[in-house]
Amino acid sequence: MNYLRRRLSDSSFVANLPNGYMMDLQRPSGSSGSSSSTSSPASPAMERRQQQPAAPAPCPPPQPASSGTFLSSFSSVVKTAQIASAVQAKAAAHGDSSTAAAAAAGAALAKTVVRKPKVLLVIDDAHTDWAKYFRGRKLNGEYEIRVEQAEFSEINVASTVSTGCVVDMQVTRGGTKVVRSFKPDFILIRQHAYSMTPGEDFRSLVIGLQYGSVPSINSLHAIYNFCSKPWVFAHMIKLYHDLGPEKFPLNEQTFFPNHTQMMPTPTFPVVVKMGHAYAGMGKIKLENSTDFQDITSVVALAKTYATAEPFVDSKYDIRIQKIGNNYKAYMRTSISGNWKANTGSAMLEQIAMTDRYRLWVDSCAEMFGGLDICAVKAVHGKDGKDYIIEVMDSSMPLIGEHVEEDKQLIADLVLNKMAFALLGITSPQSSNAKGQTQPGPQTTQPRRAQATDTTRQGGPRSGSASPSQSAQGSPQRARSANTSPSQAFQPGPIPASSSQKQAPQLNKSQSLTNTFTETLRGNPVDDEAKAETIRSLRQSFASLFSD
């Protein structure tokens, strides 16, 4: 302790200390000396220094009671220096890391810019949830898609030249009324814009959307033109004259603007269609001139136009549909004996797409500036000839076992058209499910590995049947009571064949179905013999599938 007292009392040691440290040793000599002289005697070394007169500034002696203070001050000097150096090093390292983190955050923020989603308005009924076909998909990987779905009767439109159109929607979802307004960026129309049924004339909404210049599938120009079937048939007559009756066999038809011009046709039976209707409505088969005069009074009461065309005794109906670049062909044969194949019970089968069928649908797809989605309906008569009777637009019903695939194709088509209309991108958008959106035509051929019987209830007769597979793998067939048969949801890819599955036993109805299929696909025989076979099997099918 005496050594430390002597060492710390050295003036050279105290002079070399930084300013502010051990202030009790650097106090003025007067005050220090007076206090120290009264407190304790000086050490021998200090006494010797006091006796030297030449000392410029003698250092005051330390107080004995302050020895603990001296030690703590010395320790605090060392600790303070260590803490200061550690703080400086940490601050420097933290500054470098903060700069790097800030730069990385800025780059990430520049890459993940939040973009406003694009609004897709789907005009369709609530039976199909179109939102699930666009969930998780983006335009060009940047813009999300917000799907708003409603029927024509649930929306209203206000349009201006400068701001476009605003859609007011009032729908009921799960018992809750949803009301909101939005500006659509694109529209998918899957519902008829006009029908003669009271309260189903929505042509004014189509005009309002056209005011806003909103792109759509099909185009609003085409949708408005399809609001009159005779107007569409008039454009089919132009194709008939351009391609000829051999390539485009259009059925003969007579147009009457009102009842005053309706004169009996020279041949009977005839089919009279009144006004603008769908799904077999507004049609009547007339056997003679007396029936024709009776229907004239009905047309006068309806105050609408009418058409008359020769009745074709058909073996089956043909439907060729086109969705983008995908083609499918179906054959529908009536079982119940009704002259309307889409009424009552019918057998539905997918058939091979031929060049003749492709020419029909491609020619009709060029009408009104282009139809992205369309279908051609024809009748194959017992005389072996085909007769084209109608063209449908994007509101066409989806039929067959490939309904889910067709909906996915429509979703892919909408994405491609949205990318081109809104972003100017022409590259096809990839599909989540199958990735079939490739340039060039695609044809879905019928599968022979599976035979399915599907029943839809309709009219006074309703039937039920369970899906089954045949051992020989005949083409798929479906029973339909209305325009399109009901289809069960089939997630995932469609299997290519059922060779790996064990073939179940065939019941009586399946055996009859296979017999009927082999009869149609056997060696060519006389048409009258085939017709007789069909008539003989009608009663069997009706009894098997009825309640």
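These legends walk through several close-up views of the structure above.

The model is predicted, so local features need pLDDT of at least 70 and side-chain atom pairs count only at pLDDT 80 or more, while totals for chains, interfaces and linings use all residues. Residues are numbered from 1 along each chain as its sequence is written, and side-chain values use heavy atoms, with hydrogens and water left out.

**View 1**
Helices (H or I, at least four residues) and strands (E, at least two) are DSSP runs, numbered from the N terminus. Of the 547 residues, 43% are buried; here buried means under 20% relative accessible area, exposed over 50%, and partly exposed in between, with a 1.4 Å probe and protein chains only. Among contacts with a separation of 6 or more, 69% join residues 24 or more positions apart, where contact means heavy atoms within 4.5 Å. The chain exposes about 29,100 Å², and carbon and sulfur atoms supply 54% of that area. Accessible areas come from the Shrake-Rupley method with a 1.4 Å probe, and for residues only the protein chains shown count as cover.

**View 2. The largest cavity contains about 300 Å³ of space.**
Rolling a probe the size of a water molecule over the atoms shows where empty space is left. A cavity is a set of points, on a 1 Å grid over the protein atoms alone, where a 1.4 Å probe fits but cannot get out; lining residues have an atom within 4 Å of a point. Grid points are joined across faces, edges and corners, and a volume is the space filled by probe spheres set on the points. By this rule there are 8 cavities of 30 Å³ or more. Take a look at the lining of the largest cavity: it has 20 residues, and Lys283, Asp317, Trp339, Val379 and Ile389 lie nearest the centre. Strands E10 (270–274), E12 (306–310), E13 (314–323), E16 (373–381) and E17 (386–392) each supply at least two lining residues. The lining divides into 8 nonpolar, 4 polar and 8 charged residues. Ala, Val, Leu, Ile, Met, Phe, Trp, Tyr, Cys and Pro count as nonpolar, Asp, Glu, Lys and Arg as charged, and the others, Gly among them, as polar.

**View 3. Valine 379 sits in strand E16.**
At 11% relative accessibility, valine 379 counts as buried. Beyond its neighbours within four places in sequence, valine 379 is in contact with Val312, Ser314, Tyr316, Asp317, Lys385, Asp386, Tyr387 and Ile389. Arginine 332 is 47 residues away in sequence, and its C-alpha is 9.6 Å from that of valine 379.

**View 4. Cysteine 364 is buried, with a relative accessible area of 0%.**

How values were computed. 1 Å grid on protein atoms, 1.4 Å probe; cavity = no way out; pocket = protein on both sides within 12 Å on 5 of 7 lines; lining within 4 Å.
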